[in-house]
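Dear colleague,

I am passing on the structure we spoke about, and I would be glad if you could look through it alongside the notes below.

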Amino acid sequence: MVNQVVVRIAAERILNGGLNPKTEKTYAIDDITNQDYRVAVEDYILTTTEGV
């Protein structure tokens, strides 16, 4: 089970060019190693972004 708050925060960081707290580099979808969270973040981005 994924935490939707974590999904939203990760997606917002990816969309806004935020930093990954572990690496201090720009957050990218490839930084998410948990497959469940990665799918949830991808779905969140697709549903909240217009024109995608």
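Predicted model: local features only at pLDDT ≥ 70, side-chain atom pairs only at ≥ 80, totals over all residues.

Two packed helices are described by the angle between their axes and the distance between the axes. Here the axes of α1 and α2 come within 9 Å and cross at roughly 60 degrees, and the crossing in which α1 passes α2 is right-handed. On the α1 side the contact is made by Val6, Val7, Arg8, Ala10, Ala11, Glu12, Ile14 and Leu15, while α2 contributes Tyr37, Ala40, Val41, Tyr44 and Ile45. Sorted by class, the residues of this contact comprise 11 nonpolar and two charged, with no polar residue.

Turning to the largest pocket, its volume is about 280 Å³, and its lining consists of 13 residues, of which Asn20, Lys22, Tyr27, Asp31 and Ile32 lie nearest the centre. Both α1 (4–16) and α2 (35–48) supply at least two residues each to that lining, with the largest share, four residues, coming from α1. By class, the lining is made up of eight nonpolar, two polar and three charged residues.

Asn20, one of the residues nearest the pocket centre, is found in the loop between α1 and α2. Is Asn20 buried or exposed? Its relative accessible area is 7%, which is under the 20% cut-off, so Asn20 counts as buried. Leaving aside neighbours within four places in sequence, Asn20 is in contact with Lys25, Thr26, Tyr27 and Asp31.

With best wishes

Methods
Residues numbered from 1 in each chain as written. Heavy atoms only, no water. 1 Å grid on protein atoms, 1.4 Å probe; cavity = no way out; pocket = protein on both sides within 12 Å on 5 of 7 lines; lining within 4 Å. Points joined across faces, edges and corners; volume = space filled by probe spheres on them. Nonpolar A, V, L, I, M, F, W, Y, C, P; charged D, E, K, R; others polar. Axes fitted to C-alpha atoms, helices over the stretch in contact; angles between N-to-C directions. Left-handed = near helix turned anticlockwise from the far one by under 90°. Contact = heavy atoms within 4.5 Å. Buried < 20%, exposed > 50% of the residue type's maximum accessible area, 1.4 Å probe, protein only.
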